[in-house]
Amino acid sequence: MKNKAIRVGIYVLIAYLILGLLFHFIAGDSLRATADTTSPVSPKAVLGEFVEKDTIKQPFVCEYDSLTSIGVLIGTNARKNSDTIHLSIWDNPNREGEPLYQSSVNAESMKDNTTYVWELGDKAIQNAAGKTFYLELESENGRKGNSISLYYGNTINAGRFSVAVDVFPLEVNGEPRLDDDDNPCSLCLTLGGIDYHWVGTYYWYLYGGGALLLALYILYVLHCKKHEKKCVALSLINSMLKYRFLMKQLVARDFKTKYKRSVLGVLWSFLNPLLTMSIQFVIFSTLFKSDIDNFVVYLLTGIICFNFFSEAANMCLMSIIGNATLINKVYVPKYIYPLSRSLSSGINLLLSLIPLLLMLLITKTPITPAILLLPFALIMLFLFSYGVGLILATMMVFFRDTQFLWNIFSMLLMYLTPIFYPETIIPTQFLWLYRLNPMYQIITFVRTILIEGISPGPAAYLGCILVAVIPLLIGLLIFKKNEDKFVLNI
Amino acid sequence: MIKAENITVCYRMSHDRIRSIKEYLVALVKGKIKYEEFYALNDVSFEIKKGEVIGIIGNNGAGKSTLLKVISGILRPTKGTVSLQGNVVPMLELGSGFDYDLTGRENVFLNGAILGYSEEYLKEKYDEIVAFSELGDFIESPVRNYSSGMVMRLAFSIASMVNPDILIVDEILAVGDMEFQEKSYARMMELMSHGTTVLLVSHNLDQVRDRCDRVIWLEHGNVVAIGETQEICDRYVESMRKT
């Protein structure tokens, strides 16, 4: 008995070590650094022909730790121009000292109405975060009829609207360029950069520290077991062992009765997300398709994740009052009821991953090792849904209005989650609020690993963990505090 | 074996039950949330030794069922503690965990799990349960096709296939037709005579006199007397006659 406990402890530690190594193999690069680009202001007007000796000065702030590329939206006036454009980046407005970067480009290679990107390569500007830089563009021998022009603006698109943004003033030959309302404007710049994360830098220290803490905790639990003291992990394991069979039976019951009298039975678990996806695909592909790469997979991940959440939350909602007769007759820890409901929805979720995998293959989306991160996202999704389910189950016992309120609220949440529309239609100034939506965090995480095939940066992991654990803790607390009163109210 | 100390169960009964947020807010604003305190059990203490068969008697509403719920852990007392050793099996209402869409076999395992049996134990006893219930091939068809007598027979067979340390019985159950009633009665007697600690609630005083070592007499949530079976039963009958 004692040896068995020690063996389990060692297994846990080994599992941690293997998972940590595997995780570094899959996500190591993303943990160290993530690449990103800014979106430019919307073009409003062109500067006009960019001719000999014209100088354009554009200050900008870099948000990235390292500035790796800079793109400018240009127009060629629909012809080939034989000018040479000199670009330089300075750390001061007065061209003192050496430029941080300079490059000359033949204008012939530029395409009309596209962003021309200067890759800084090994000249990438390090330690750039938060600093102001000055971009200068000069035309060597541009003439009227043989010159490019540059777009500028001071708004960004937010869905159907455009929103004014504060920009650093663009100067042409020392004169600030203003729009019709005398507001400063900026070139349509696209900055590309890399953010470095300390998590990646110190990964092995964190890994080792985690292993040490885990080992100490396992020793503590073993100590508690030996002296028959109480501790959280031990009582968790004990109740898991004790109620494992009951859980198995309850989950099997939910799952069997769900499709018991239907002809297609368990096939519905595959068909349901596929059919929903097909309908929404037909409806929305005309509206948004151009904005979204791989719309099929985009849509299906959103539908599957949200369907699970909605199903689990609804099942949990009824789990206490629906089992009223049992709760009145037999003692079973009450958290078992919502947990078994969430788990049976979880099985459904796993089944609906099969059509998702199928769609990945059909759309020829490259499947990378990042797909191994899927269990993390799914576990977070499960914990979040269980947490919400606990809150709902508790509320439902005391206020039967909860079910109707929840119907409305979950619909609202569905529209607040980018399931079938692209995130870009959200006004940028509300994005931070929009991103507080837990379903947003989780669905975006899943999409990054499936569609882009890479691991998201550390912030996305933290986001997922927070949106799962906070509702879970609140749910457990509320449930625990009220569970003794359930029997009096059902 | 079972030690109950100062168990008090106090319900707060609002005059009209508030079921929605709107009603709650309206009542709160009006300052009309008044609770009436109702003591289902008031300061009940007793001790039961291993292997004793204890009868609990009293009129309707005396708190007998509440006491059973407290001991089986369904209801947490407002005050006081219950400490007990061993597993408790309540036979309060048969078949409450049945799912009518599942087959008899599936329900044996589901209901068994709810009653706290282990998987191995159920697998071992499965044939015995089916044999006792006399359901035959019906065990493989959904419970919704059963007659009510069949449901009760299956439920009883599952519930009685126990080997508990503490058995809680709300009326001795005799279900089904005459033959099965006899069989189930015999089965209950067998369960109660194996050195199991039994708590029996019954209105059938003859059964109590027959079976119990001691009796707890409850009235309006208070213990009137605890003691030797015949004596307490006599006093109970006497007090009934007076009123």
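In this predicted model, Lys64(B) touches Ile56(B), Ile57(B), Gly58(B), Asn59(B), Val201(B), His203(B) and Leu218(B), leaving aside residues up to four places away in sequence. Lys64(B) belongs to helix H2 of chain B. Its relative accessibility is 7%, under the 20% cut-off, so Lys64(B) counts as buried.

The helix around Lys64(B) can be described in the same terms. Helix H2 of chain B covers residues 64–71 and is mostly covered, with 6 of its 8 residues buried. Besides Lys64(B), the buried residues of H2(B) are Thr66(B), Leu67(B), Leu68(B), Val70(B) and Ile71(B). After H2(B) comes Gly73(B), which has a positive phi near 90°.

Asn6(B) has a phi near 45° and is not a glycine. Asn6(B) is part of strand S1 of chain B, which holds residues 2–14. With a relative accessible area of 39%, Asn6(B) is partly exposed.

In chain A, Lys364(A) has a positive phi of about 60°, and Lys364(A) is not a glycine either. Lys364(A) sits in a loop of chain A, between helix H8 (336–362) and helix H9 (374–398). Is Lys364(A) buried or exposed? Its relative accessibility is 71%, over the 50% cut-off, so Lys364(A) counts as exposed.

**Chain A as a whole**

Chain A contains 13 helices and 15 strands. Its C-alpha trace spans about 90 × 50 × 40 Å along the principal axes. Of the 490 residues in chain A, 48% are buried. The accessible surface of chain A is about 25,300 Å², and carbon and sulfur atoms account for 64% of that surface.

Contacts in chain A can also be sorted by separation in sequence. Among the contacts between residues at least 6 apart, 80% join residues at least 24 apart.

**A sheet in chain A**

In chain A, 6 strands form an open sheet in the order S6-S5-S8-S3-S12-S13, with antiparallel pairing. Which strands stand at the edges? They are S6 (101–106) and S13 (175–176) of chain A; each has a single partner strand, so one side of each has no neighbour in the sheet. In general, the strands of a sheet pair through backbone hydrogen bonds, in a parallel or an antiparallel way.

| Strand pair in chain A | Bridges | Opposite residues |
|---|---|---|
| S3 (residues 55–61) and S8 | 7 bridges | Phe60(A) and Phe133(A) |
| S12 (residues 171–172) and S13 | 2 bridges | Glu171(A) and Pro176(A) |

S8(A) stands between S5 and S3 in the sheet order. Strand S8 of chain A consists of residues 132–139 and is mostly covered, since 6 of its 8 residues are buried.

Which residues make the nonpolar surface patch of about 470 Å²? The patch is made by Ile6(A), Ile10(A), Tyr11(A), Ile14(A) and Ile18(A). Among them, Ile14(A) lies in helix H1 of chain A, residues 2–32. The relative accessible area of Ile14(A) is 39%, which makes it partly exposed. Patch residues need over 30% relative accessible area, and Ile14(A), at 39%, has that.

**Where chain B meets chain A**

The two chains share an interface. How many residues of chain B are in contact with chain A? There are 32, and they are in contact with 29 residues of chain A. The size of an interface is often given as the accessible area lost when the parts come together. Between chain B and chain A, the buried area is about 2,800 Å², and 62% of this comes from carbon and sulfur atoms.

Charged side chains also meet across the interface, where 4 salt bridges are found between chain B and chain A. One salt bridge joins Lys248(A) to Glu119(B), and their closest N and O atoms are 3.0 Å apart. That distance of 3.0 Å between Lys248(A) and Glu119(B) is within the 4 Å cut-off for a salt bridge.

Technical notes. Residues are numbered from 1 along each chain as its sequence is written. Chains are lettered from A and ligands numbered from 1 in the order in which they are written. This is a predicted model: local features need pLDDT of at least 70, side-chain atom pairs count only at pLDDT 80 or more; totals for chains, interfaces and linings use all residues. Side-chain values use heavy atoms; hydrogens and water are left out. Patches are made of residues with over 30% relative accessible area and no salt bridge: like charges are joined within 9 Å, nonpolar side chains (Val, Leu, Ile, Met, Phe, Trp, Tyr) within 5 Å. Accessible areas come from the Shrake-Rupley method with a 1.4 Å probe; for residues, only the protein chains shown count as cover. Helices (H or I, at least four residues) and strands (E, at least two) are DSSP runs, numbered from the N terminus. Buried means under 20% relative accessible area, exposed over 50%, partly exposed in between (1.4 Å probe, protein chains only). Two strands pair if DSSP finds at least two bridges between them. Contact means heavy atoms within 4.5 Å. Buried area is the accessible area (1.4 Å probe) that two parts lose on being put together, summed over both.
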